[in-house]
Amino acid sequence: MTVGCFNQSKGQGQEESIANISQGPLGGGDGCKPCTPSFEDDRTGLSVDTLRRAIADNLCYIQGKSEAFATCYDLYMALAYTIRDRMVQRWISTVESYVESAPKMLYYLSAEYLMGRQLANNLLNLHLTATASQALAESGFTLEDLLEQEIEPGLGNGGLGRLAACFLDSLATLEYPAVGFGIRYEFGIFEQAIRDGWQVERPDRWLRLGNPWEIRRPECTYEVKLGGQVRKGLDQQGGPQMEWIPEQTIIGMAYDSLVPGYDTNTVNTLRLWSAGASKDFDLRVFNEGDFVRAVENKIFSENISKVLYPNDNTPQGRELRLKQQYFFVACSLYDIFRFFSFKHDDLRLFPEKTAIQLNDTHPAVAVAELMRIFVDDKHLPWELSWDLTQKSLGYTNHTLLSEALERWPVDLFRRWLPRHLEIIFEINHRFLEEIQVRFPHDGARLQRLSLIEEGEEKRVRMAHLATLGSHAVNGVAALHSQLLKKEVLKDFYELWPERFSNKTNGITPRRWLLLCNPRLVELINSRIGEEWVKDISKLRKLEALVDDQEFVTAWQQVKRKNKEALAQHIKRTLMIEVDPTSLFDIQVKRIHEYKRQLLNIFHIITLYNRLRANSGQDVLPRTFIFGGKAAPGYHTAKLIIKLANNVAAAVNSDSAVNSRLKVVFLPNFSVSQGELVYPAADLSEQISTAGKEASGTGNMKFALNGALTIGTFDGANIEIRDAVGPENFFLFGLKVEEIGALKDSGYVPMEHYQRDHELRMVMDQLASGYFSPEDTRLFEPLVDGLLGYDQYMVCGDYRAYVMCQEDVARAYRNQAAWTRKSILNTARIGYFSSDRTISEYAQEIWGLKPQQIKLKEYNQAEAGLRRRTARLLAHSIQGES
């Protein structure tokens with residue numbers, strides 16, 4: 001059988017021939033095959049035959065296709081529903097267990113979840129990869145064909161969203177009771193295209209063909225208020241009672257995605273909220289002929305969950321962002337209270353059964369909303385409400401950049417969240433009264449600690465609100481946490497040092513090694529077994545193999561094959577040929593000035609200039625690879641993307657240099673691209689200005705896959721260097737204290753420009769239009785910014801970076817020594833597992849205990865509907881609102 005295969009990555013039909021499917025190195029080989037009973041239910045069975053029947057049934061009865069007319073995408077959907085069925089069985093058991101035993105639950109609130117493609121990950125966690133491959137053997141398609149059909153949801157912008165996804169994986173794998181809450185963005189972040197070197201944003205239509213991994217919950221809806229006024233009245237006891245009379249209401253509907261743990265029965269929930277109108281169509285207005293006004297309420301409401309991070313350069317954009325944040329926080333808290341109330345009547349038990357973690361400042365309005373619910377809806381006294389709020393909330397700070405610490409205009413709050421502004425004012429009033437008693441005559445301290453930033457436009461400081469309203473505040477790397485205490489939240493730390501801690505970020509080894517690097521996994525497993533998958537500290541056993549020549553050679557071969565795979569992808573998608581034997585020097589991350597893609601580009605131009613001046617110069621062959629998106633309103637970041645592409649065009653077309661240098665910009669960098677990039681990297685660029693990167697997790701993914709790091713003394717780089725060994729890490733650049741001292745004494749970037757002829761040549765080329773002949777002044781803003789202020793110390797670190805890159809080149813020429821360093825990076829990176837991070841959160845902040853989930857064996861005699869007397873599911877996480 002041969003049928004048309006619609007390939008999502010290419011967006012066009014193509015013919016695929018019959019292919020035999022081997023088990024391959026994707027995971028779930030013979031040693032992982034689950035035991036199955038003699039008779040299996042087609043919905044839950046795990047054998048090859050049962051899976052084959054289930055896929056055929058879903059192809060027919062869900063996709064509505066016969067085998068003769070089924071496309072590759074149809075088969076993908078059929079397989080996805082088949083795997084989801086097996087997860088649903090575990091999910092229902094998980095939910096029932098949580099409802100019946102009422103453990104303390106974690107509720108993780110995050111504006112971003114960058115989950116990546118789900119099919120391969122779910123097959124992996126259920127040990128069904130090989131089984132699914134065998135079940136498809138006669139279909140005419142390989143499992144790899146089907147995996148490529150999945151459209152990746154762009155519900156995050158980088159590290160924050162990917163961290164949240166890693167955390168959900170670890171929570172389920174470690175069997176902690178947890179629910180993730182966020183927004184079901186209809187169009188995600190955006191799809192990045194590169195046109196004439198510029199970033200062009202296109203809608204990310206990730207839902208256009210449906211999403212088999214979500215379950216719509218129309219019965220689980222909540223009404224969210226916006227705008228209006230607050231009316232003061234009396235409660236039944238004659239006390240003051242505030243009533244919020246909204247101007248508008250929005251309906252939040254739940255969509256549930258299933259998050260399976262690895263090698264466990266636990267399947268937790270990611271609940272995303274979609275916004276809709278309480279009244280989406282006005283028939284009277286429509287009949288009067290005003291067709292637009294008839295649906296304006298629907299349009300207004302649905303805009304709330306349209307796009308991740310709308311451009312906030314406009315008042316309308318800022319307004320939409322605030323509404324988004326409140327919308328998902330309100331829906332989530334309503335849901336949390338519903339789940340709590342199923343088993344408990346006494347609200348004083350709320351913190352004992354509920355831990356709510358704020359992932360950065362986006363959900364910080366939860367402090368005010370939780371207080372509003374306790375005081376206005378539950379009629380609790382203020383003091384008790386504040387005590388319950390603080391004990392229930394934890395706050396993770398993810399940034400040291402002042403512009404990223406959200407501060408909303410008071411007038412904006414007053415317009416759309418009037419009751420919350422009153423509550424924030426009252427919290428602030430009571431707090432500052434305490435501070436005044438403790439620190440009399442210290443007006444400056446009061447100003448710094450106030451939740452309200454004074455000035456021409458008063459603003460609500462959301463990081464302050466989150467810190468004040470939480471019992472625990474943490475940073476995400478050792479240096480970051482220290483800087484929070486010393487600088488960003490110094491005054492709060494002086495008040496409550498016991499609240500502050502560090503929880504260094506981590507990554508899940510399941511996706512970022514087991515799934516994305518099957519060749520390396522096969523090699524590792526052949527020598528040290530598979531225990532490392534749930535405890536990657538056991539990769540330390542690889543240290544004993546660094547002098548094993550057979551193992552070293554095999555390691556080099558794996559890296560070479562991974563580089564060849566990336567080279568083929570680059571050639572197929574960008575028509576650029578790169579040399580797999582060259583050093584793959586890779587920087588993939590969000591485009592921002594502090595991440596210093598500019599510094600990397602300056603080094604490329606320096607090598608280019610050296611070769612242009614002397615083609616016989618011994619320059620190590622390199623392939624420089626960039627990837628990442630710039631925020632739509634961030635002009636400088638978009639200009640950096642343009643520069644990278646213009647430099648790439650100049651280098652790649654110059655026969656004098658392109659045999660030794662190539663530059664590639666990968667458009668629309670995503671999780672699935674990362675799964676191809678990280679295993680292929682030789683050198684990981686982690687070159688942010690010291691003190692600006694909170695942690696980073698790309699640095700961990702690269703190191704886990706055997707790349708060496710060139711990096712600054714910033715974020716988790718410091719801890720990675722300590723773990724893998726200074727000799728296996730290329731360190732350069734000014735430290736935080738040195739930057740501070742230099743700026744205090746009067747940093748003059750022009751001095752570096754004048755005394756460093758190579759730096760001067762690079763900047764003169766930019767200023768003169770060498771790389772932009774169509775517009776000679778195009779890159780002048782970059783040059784002016786560097787020579788005028790150079791906030792992120794590009795000039796200050798340029799020479800140290802170039803010299804460190806020369807050390808890299810020398811090291812890479814000695815492949816035996818380089819491979820030894822590569823092996824040791826993988827072997828010693830075990831601390832940076834999200835399993836370790838989550839264990840620390842669970843024990844030290846959340847107070848969670850693992851809960852083992854038991855599955856009931858399938859019994860055909862008991863199949864069918866049974867009335868549940870307690871109707872547990874009707875009130876559980878899956879239940880009615």
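The following dialogue explains how to read several features of a predicted protein model.

Colleague: What kind of model is this, and how are its residues numbered?

Modeller: This is a predicted model, in which local features need pLDDT of at least 70, side-chain atom pairs count only at pLDDT 80 or more, and totals for chains, interfaces and linings use all residues. Residues are numbered from 1 along each chain as its sequence is written, and side-chain values use heavy atoms, with hydrogens and water left out.

Colleague: How many helices and strands does the protein have?

Modeller: Helices (H or I, at least four residues) and strands (E, at least two) are DSSP runs, numbered from the N terminus. The protein has 35 helices and 24 strands. Its radius of gyration is 28 Å, close to the 29 Å that the globule rule gives for 881 residues, so the protein is as compact as a globular protein of that length. That radius is taken over C-alpha atoms, and the globule rule is 2.2 Å times the number of residues to the power 0.38. Along the principal axes, the C-alpha atoms fill a box of roughly 90 × 80 × 65 Å.

Colleague: What share of the residues is buried?

Modeller: A residue is buried under 20% relative accessible area, exposed over 50%, and partly exposed in between (1.4 Å probe, protein chains only). Buried residues make up 62% of the 881 residues here. As for contacts (heavy atoms within 4.5 Å), among those between residues at least 6 apart in sequence, 76% join residues at least 24 apart.

Colleague: How should I read a strand such as β17?

Modeller: In a regular strand the side chains alternate between the two faces of the sheet. In β17 (residues 472–475), Ala 472 and Asn 474 point one way while Val 473 and Gly 475 point the other way, and all are buried.

Colleague: Which strands are joined to β17, and in which sense, parallel or antiparallel?

Modeller: Strands of a sheet pair through backbone hydrogen bonds, either parallel or antiparallel. Here two strands pair if DSSP finds at least two bridges between them. Strand β13 (residues 393–396) runs parallel to β17 and is joined to it by three bridges; Tyr 395 stands opposite Val 473. Strand β18 (residues 500–502) also pairs with β17 in the parallel sense, over three bridges, and there Asn 474 stands opposite Ser 501.

Colleague: Where is an antiparallel sheet found?

Modeller: Three strands form an open antiparallel sheet in the order β14-β16-β15. Its edge strands are β14 (407–409) and β15 (452–453), each of which pairs on one side only. Three bridges link β14 to β16 (residues 459–461), and Arg 407 has Arg 461 as its bridge partner in β16.

Colleague: How many aromatic pairs does the structure hold?

Modeller: Rings of Phe, Tyr and Trp (its six-membered ring) pair if their centres lie within 6.5 Å; planes under 30 degrees apart count as stacked, over 60 as edge-to-face and the rest as tilted. The structure holds 27 aromatic pairs. The rings of Phe 350 and Phe 374 have centres 5.6 Å apart and planes at 90°, so this pair is edge-to-face. Phe 350 lies in helix α11 (residues 350–353) and Phe 374 in helix α12 (residues 366–377), so the pair ties together parts 24 residues apart in sequence. Phe 350 counts as buried, at 0% relative accessibility, and Phe 374 likewise counts as buried at 0%. A tilted pair is formed by Phe 732 and Tyr 801, at 5.0 Å centre to centre with 45° between the planes.

Colleague: Why is α12 described as largely enclosed?

Modeller: Of the 12 residues of α12, 11 are buried, so the helix is largely enclosed by the rest of the structure. Among the buried residues are Glu 369, Arg 372 and Asp 376.
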